[in-house]
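Thank you all for making time this morning.

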Amino acid sequence: MLCEKCQENEACVHLTDIVNNTKREYRLCKECAEVHGVSIQAQLQKFKNITNITLPEFCAPSIDIGSGDSEVTDVEDCPRCKMSYSLFRKEGKFGCSHDYTVFRGSLDDLLEKIHASTQHRGRTPGRFREQDNHQTKLDQLREELLQAVQGEQYEKAAAIRDQMRLMGSK
Amino acid sequence: MSIGDFHQPVGEWLRGDGSDSDLVISSRVRLARNLTDIPFTTVANDQQRSTVAERIQAAMKDLRPGLTLETQHLDEMDRVDRLVLVERHLVSRELAMSSGPRLVAFDESEAYSLMVNEEDHLRLQVMKSGYCLEQAWQEMDQLERAIDGQLQFAFDQQYGYLTACPTNVGTGLRASVMLHLPAMVITGQIEEVTRAATKIHLAVRGLFGEGTEAQGDFFQISNQRTLGLSETEILQKIDSVLPNILRYERKLRDELLERRRERIEDKVGRAFGILSHARVITSKEALEHLSLVRLGVSMGILSDLKMEQVNRMFLFSQPGHLQAIGEGELSSEDRDLKRAALVRQILTE
């Protein structure tokens, strides 16, 4: 993507500006960002001051630098609710459930810090429990099919195969 | 809302019975859930919030035979009524004071309640009198299973139930017990509780949970972590520390009676005297004296008074309830007069 200011260089700075609760986003090249008073290092420092957390403790700052710069990880905004990772870190609240998918790569450190874990171990919604049961049953049939074939019980194997097909297995 | 008669017992969790109810006022479990296809409340517009409210209301209709939930639209209620709901622990202060389409629903006993469009789309709560987290959870388990069949909740195989705040993700479960620990405060031992609780990642807070200070020797202990532990493990964490806290408080009470009987009887007696005769009393002062009177009732010093009466004084002397009984909003000075009169009336029952 080209820089929105000069329209020449590749944009590598993603600037999120919030004024009176209105979020505006700019994609600039490094030069234009600095010409317009946005020093990357200063922004990093500013973010560090706001959050009172040192940068290595979490991932993306309020300015994301494209893949050309290895200093800072670039985190995409959520396409559904438009939440940026930096805004999430500033506000402490997600915008929608899809944010967890979009920010997945950057969340583990934070969750580890809050919960000392990144893996759910509690209950699951009914629709997932049904899926789990379905998958368990398929795995069991697959095992039985294998044993039937190995034992040359081809009629039994065919019956198991038909049952698996009925259950939606390819 | 109908706040009930201050002459009659109110609310399941204020009955003053149940296991260890001399020390444990109530046990509460709360689950946070969100719908998959609508942004979280902080981002959702009014139309989306209304859709959330409509869907949840439709799902509430057939939760359990015999369970009827009364729904209230908070955006249509006045400030005093919303304050009453906060004081009853039916809604959070945040939900009461925010704006836009939002609901609260609760059953007659106020043991079951749900908030719609708080930080999360749905917050389910079961609250019982005394120490019975396990039973509260079992009832919540059934309630959530019934509602889960009708709504699609945001869930991720790795992160569990997805919530607006990362501190609730996973089980979305906050289990808490509200404790009355005056002997620990009198003897300066309350720090021990905080230390023991925080060591196993439990939070110690004031009466109204997050962001509130302990008042009148009342403390709320709840789990901090919601991810990486099963619901049962979360309850077990509280169960692992609570019997020791209760035993310690009881031991200190026995010691107080044994070594400083006159002192403690004097303290309780003075508190009872002030509540019985005061004509003007602030909320803070009333709470301090009610705490000592509560201690006196459970130690047998004030044998004519019932715990349920103490709980009722405690509830109705709060600003929202005082104003709801009266003719609408009252100045702080008028509330202090009304509070003193109400407390005197309950004490003479």
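This is a predicted model: local features need pLDDT of at least 70, side-chain atom pairs count only at pLDDT 80 or more; totals for chains, interfaces and linings use all residues.

**A helix and its surroundings**

Let me begin with helix H2 of chain B, residues 79-87, whose buried residues are B:Arg82, B:Leu83, B:Val84, B:Leu85 and B:Glu87. Here a residue is buried if 20 or more other C-beta atoms lie within 10 Å of its own, exposed if 12 or fewer, and partly exposed in between, with C-beta atoms placed from the backbone. Helices (H or I, at least four residues) and strands (E, at least two) are DSSP runs, numbered from the N terminus.

Residues are numbered from 1 along each chain as its sequence is written, and chains are lettered from A and ligands numbered from 1 in the order in which they are written.

What do the buried residues of H2(B) pack against? They pack against helix H3 (93-97), strand E3 (103-106), helix H10 (307-316) and helix H11 (319-325) of chain B, where two residues are in contact if their C-beta atoms, placed from the backbone, lie within 7 Å. After H2(B) comes B:His89, which has a positive phi, near 65°.

**Two helix pairs in chain B**

Axes are lines fitted to C-alpha atoms, for helices over the stretch in contact, and angles run from 0 to 180 degrees between N-to-C directions. On the H10(B) side, B:Gln309, B:Arg312, B:Met313 and B:Phe316 meet B:Leu342, B:Val343 and B:Ile346 in H12(B).

The other pair is helix H8 (residues 261-277) and helix H9 (residues 283-298) of chain B, which pack at an angle of about 125° with their axes 8 Å apart, and H8(B) and H9(B) are therefore oblique to each other. From H8(B) the contact draws on B:Lys267, B:Val268, B:Ala271, B:Phe272, B:Ile274 and B:Leu275, and from H9(B) on B:His289, B:Leu292, B:Val293, B:Leu295 and B:Gly296.

Stepping back, chain B has 12 helices and 10 strands. Its radius of gyration is 21 Å, close to the 20 Å that the globule rule gives for 349 residues, so chain B is as compact as a globular protein of that length; the radius is taken over C-alpha atoms, and the rule is 2.2 Å times the number of residues to the power 0.38. Of the 349 residues of chain B, 49% count as buried.

Chain A, by contrast, has 7 helices and 3 strands, and buried residues make up 24% of its 170 residues.

Is A:Ser106 buried, exposed or partly exposed? A:Ser106, which lies in helix H5 of chain A, residues 104-115, is partly exposed, with 16 other C-beta atoms within 10 Å.

Finally, where the chains meet, 29 residues of chain B are in contact with 24 residues of chain A.

Methods. Angles under 35 degrees count as roughly parallel, over 145 as roughly antiparallel, 65 to 115 as roughly perpendicular and the rest as oblique.
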